[in-house]
Amino acid sequence: MKKNIVPFFVAATFFISGCAKFLDTSPSDKYTQDNYWQTQERALAGLNGVYASLMGNGLYGGNTPLLFENFSPNTYHYSGDDNLIATGQHNANTGLFNSVWKSAYGGIGRANNLIANIDKVPMDAALIKRYKAEAKFLRAVYYFPLWNLFGGAPLILTATNDASQATLPRNTADELLTQILKDLDEAATDLPASYSGADKGRATKGAALALKARVLLFAGRYADAAAAAQQVINSKTYSVFPNYRALFYLENEGNQEVIFDVQFKYPEFTHGFDINLDQFNNIAPLPGLVNDYYAIDGKPIAQSALYNAAKPYENRDPRLLQTIIVKGSKFKGATVIEGQYPRTGFSQKKYSVYKDDAAPSAAIVDGQSELNYIVLRYADVLLMFAEAQNEAVGPSTAVFDALDAVRTRAGMPVYDRTLNKEQLRAEIRHERRIELAGEGLYYYDIRRWKTAETVMNTELYNDKNQRIDTRRFNATRDYLWPVPSQALQENTNLSQNAGYGK
């Protein structure tokens, strides 16, 4: 199978500039700012270096995006930084915060450097415009966690060796939001609708608009979010992939539902999804998530005559067994037995390359997985549109049509179109949890809905109703992450978020 992977060159290591030492533009090879920007090949290497930052361990590399499920009511991990965050025991020294901050600024610096210098390159003007647009889209991707998770950070838009960058104070969340939206608007104007050949997988107009919709939704700007999502829908560039389970198969990467993904390829660019999901069981679904899947008639299991507690996984939303590994089901060509996944009794199959009925020839080990991570997909855009439009103006045919496109693909019945705004809000939130389970987005949702303080202050139990842990969420502190201690040590002008000390 051919994978469209952005190629990387030694020269790409040159493209690091920006905040403190994470954005240092000092040459790491024979190249300098004065002699590098001379050919289209080098410009492409620079752009590919901006994409390469997506694979940082604080962003989409390692198993980071899946670990975000462990900060939510969906899954559990008994140790590590994700458990510290989930149990409210984190602080500014927690390593993940530094990794996210560092990885984000690494990508921002590379984007800044390309935007500042590519006009020097003797190449087609239209291609220069497109490369800049790709870099602006990626810069928005990298600023997203600094805005959403930390609530503000230094806003750096220039490529420079000026030491003053290392002492910049934090910009506000609103200032970062303004810049993110500006980058996405400019990117959407200059990016193509699609690519072919070796360029497939790069940022598109649809990716910029879909990310804009997500950012605006998270910011609570519902009418604007609905309008951005509507642009993606109206483009008719994307559609839901007919098979929910196969949407995440290796052989179906880049299908019609994928708007933007991070592209991995064995052995050069890999991650640890498979080993963490299967062998280590480090993203273990919780019974609360399993029980939240409706019966096949579209009703909660407590209200459905089709639910049988003696056979709890029969007559359920098909996405349950297409996402979660349960005892007695088939996975990797064998029946799942008691104790196979000891954390909670469950494991996650979404984002594993293993199939249900086929035994693998060998286990994937040592973080050698290559399945692309989907950052933006069309079903999410439909759900974003439905939520934003419902919040802005209430239920409508367009809202129900968007929801039903997601539900019917899954094999579930359409929604009752007499639901009022509040009832529909609850159903949309439920639908997001189920449709996007295992993709690392629910943590963002419970934070923006301000429900984390309710759903995260609880005891955890496994499938045998045995207590396994206690979750804690401090509403006066935990809706924002602390500025990492390493960043504070390097820049004394950075302020800390409330509740985390100085």
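Buried, in this talk, means under 20% relative accessible area; exposed is over 50%, and partly exposed is in between, with a 1.4 Å probe and protein chains only. By that cut-off Pro65 is buried, because its relative accessibility is 5%.

Some ground rules. This is a predicted model: local features need pLDDT of at least 70, side-chain atom pairs count only at pLDDT 80 or more, and totals for chains, interfaces and linings use all residues. Residues are numbered from 1 along each chain as its sequence is written, and side-chain values use heavy atoms, with hydrogens and water left out.

The whole chain, then. The protein chain has 18 helices and 10 strands. Its radius of gyration is 22 Å, close to the 23 Å from the globule rule for 502 residues, so the chain is as compact as a globular protein of that length. That radius is taken over C-alpha atoms, and the rule is 2.2 Å times the number of residues to the power 0.38. Helices here are DSSP runs of H or I, at least four residues; strands are runs of E, at least two; both are numbered from the N terminus. Along the principal axes, the C-alpha atoms fill a box of roughly 70 × 55 × 50 Å.

Of the 502 residues, 57% are buried. A contact means heavy atoms within 4.5 Å. Take contacts with a separation of 6 or more: residues 24 or more positions apart account for 70% of them.

Now charge. Lys and Arg count as positive, Asp and Glu as negative; His and the chain ends are not counted. Each charge is placed at NZ of Lys, CZ of Arg, CG of Asp or CD of Glu. The chain has 53 positive and 53 negative side chains, and the centres of the two sets lie 0 Å apart.

Back to Pro65. This residue sits in helix α3, residues 64–67. Beyond four places in sequence, Pro65 contacts Leu59, Tyr60, Phe273, Tyr373, Glu439 and Gly440. Thr32 is 33 residues away along the chain, and the two C-alpha atoms are separated by 34 Å.

Next, two threonines in loops. A polar contact is a pair of N or O atoms within 3.5 Å; within protein, one must be able to donate a hydrogen and the other to accept it, and residues adjacent in sequence count only if both atoms are side-chain atoms.

Thr344 lies between β6 (334–335) and β7 (347–348). It counts as buried because its relative accessibility is 0%. What does its side chain reach at 2.5 Å? The backbone oxygen of Pro285. The Thr344 side chain also reaches the backbone nitrogen of Phe346, at 3.3 Å.

Thr204 lies between α7 (173–190) and α8 (205–218). Thr204 is buried too, at 7%. Its side chain makes a polar contact of 3.3 Å with the side chain of Tyr238. Among its other contacts are Leu191, Tyr195 and Ile259.

Last, the backbone. Tyr266 and Pro267 are joined by a cis peptide bond, omega about 5 degrees. Pro267 is in the loop between β2 (258–262) and α10 (273–279).

Two non-glycine residues have positive phi. Tyr351 is near 75 degrees. Its loop runs between β7 and β8 (373–377), and Tyr351 is buried at 0%. Lys450 is near 60 degrees, in the loop between α16 (442–448) and α17 (452–455). Is Lys450 buried or partly exposed? Partly exposed, at 49% relative accessibility.
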